[in-house]
Amino acid sequence: MCGRYYVDDDTAEEIEKVIRLVDAKVNGKLPVMEHIHKGDVRPSEIAPVLLKKGNILTLCNERWGFPGKVGKTLVINARSETVNEKPMFSDSVAHRRIAIPAAGFYEWNKDKKKYTFQRKDKPLLWMAGFYNRFGEEDRFVILTTGANVSMEPVHDRMPLILEEDELIPWIMEDGSCGKILKKTPCQLNRSTEYEQLNLPF
């Protein structure tokens, strides 16, 4: 599961660097980028996503969460294992895939203890997702998959994390979608605000 993540000042700079490098491989043009919202991102809030418009990669701000049924909460996540079988998701994941940049994300264990997860090797991670149009705005959902070793002690689900060399295939190439949906994400650093100390007696 993924219920909150964050984008900070350093991450915003890294987003621009990566997008410029990735987009140069597509068409040699600079990507179109809207203002990058920073801080914690919660369901129903606006956040930057990388998507395809025509043959151009574009960084746009979209709202997190598909509207649920009447009286229900937002739909913010979709399981990668079954996303193609769900009428609410299947067309979007087939034609409107995106990558959601973040410095890291938060998860809570069964005791309500909050953990922060970040990449070990880079200051920026990309979560796989997709979007659809609702009324006058685009809304997105983050894909999740089974937890890897770094996530298992806290939760049994985690975001489907993309490598930089998977951004173009995921967003631009329909044929790569199935393989990426089945991947195991990279190992992550796990930290918490409160670390228990072992004091000598």
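Helices (H or I, at least four residues) and strands (E, at least two) are DSSP runs that are numbered from the N terminus. The views below show a predicted model, in which local features need pLDDT of at least 70 and side-chain atom pairs count only at pLDDT 80 or more, while totals for chains, interfaces and linings use all residues. Residues are numbered from 1 along each chain as its sequence is written, and side-chain values use heavy atoms, with hydrogens and water left out.

**View 1. The loop that carries P43 and the residues around it.** P43 lies in the loop that links β3 (39-41) to β4 (46-53). With a relative accessibility of 28%, P43 counts as partly exposed, a class that falls between buried (under 20% relative accessible area) and exposed (over 50%), for a 1.4 Å probe and protein chains only. Leaving aside residues up to four places away in sequence, P43 touches G3, W64, L74 and I76, where contact means heavy atoms within 4.5 Å. The C-alpha atoms of P43 and N77 are separated by 9.9 Å, although these residues are 34 residues apart along the chain.

View 2. Strand β7 (residues 97-102) is mostly covered, six of its six residues being buried. R97, A99 and P101 point one way from β7, whereas I98, I100 and A102 point the other way, and all are buried. In a regular strand the side chains alternate between the two faces of the sheet. Strand β10 (residues 125-134) pairs with β7 in the antiparallel sense over six bridges, pairing being assigned if DSSP finds at least two bridges between two strands. Within this pair, R97 stands opposite F130 of β10.

**View 3. The open sheet of five strands.** The strands of this open sheet follow the order β3-β1-β8-β9-β14, with antiparallel pairing. β3 and β14 (188-192) stand at the edges and have a single partner strand each, so one side of each is left without a neighbour in the sheet. Neighbouring strands of this sheet are turned by 30° against each other on average, direction ignored, where the axes are lines fitted to C-alpha atoms. Inside the sheet, strand β8 (residues 104-108) runs antiparallel to strand β9 (residues 114-119), and four bridges join them; the bridge partner of F105 in β9 is F117.

**View 4. Two cysteines, C60 and C177.** C60 counts as buried at 6% relative accessibility, and C177 is buried as well, with a relative accessible area of 8%. The structure holds zero disulfides, a disulfide being a pair of cysteine sulfur atoms within 2.5 Å.

Terms used. Axes fitted to C-alpha atoms, helices over the stretch in contact; angles between N-to-C directions.
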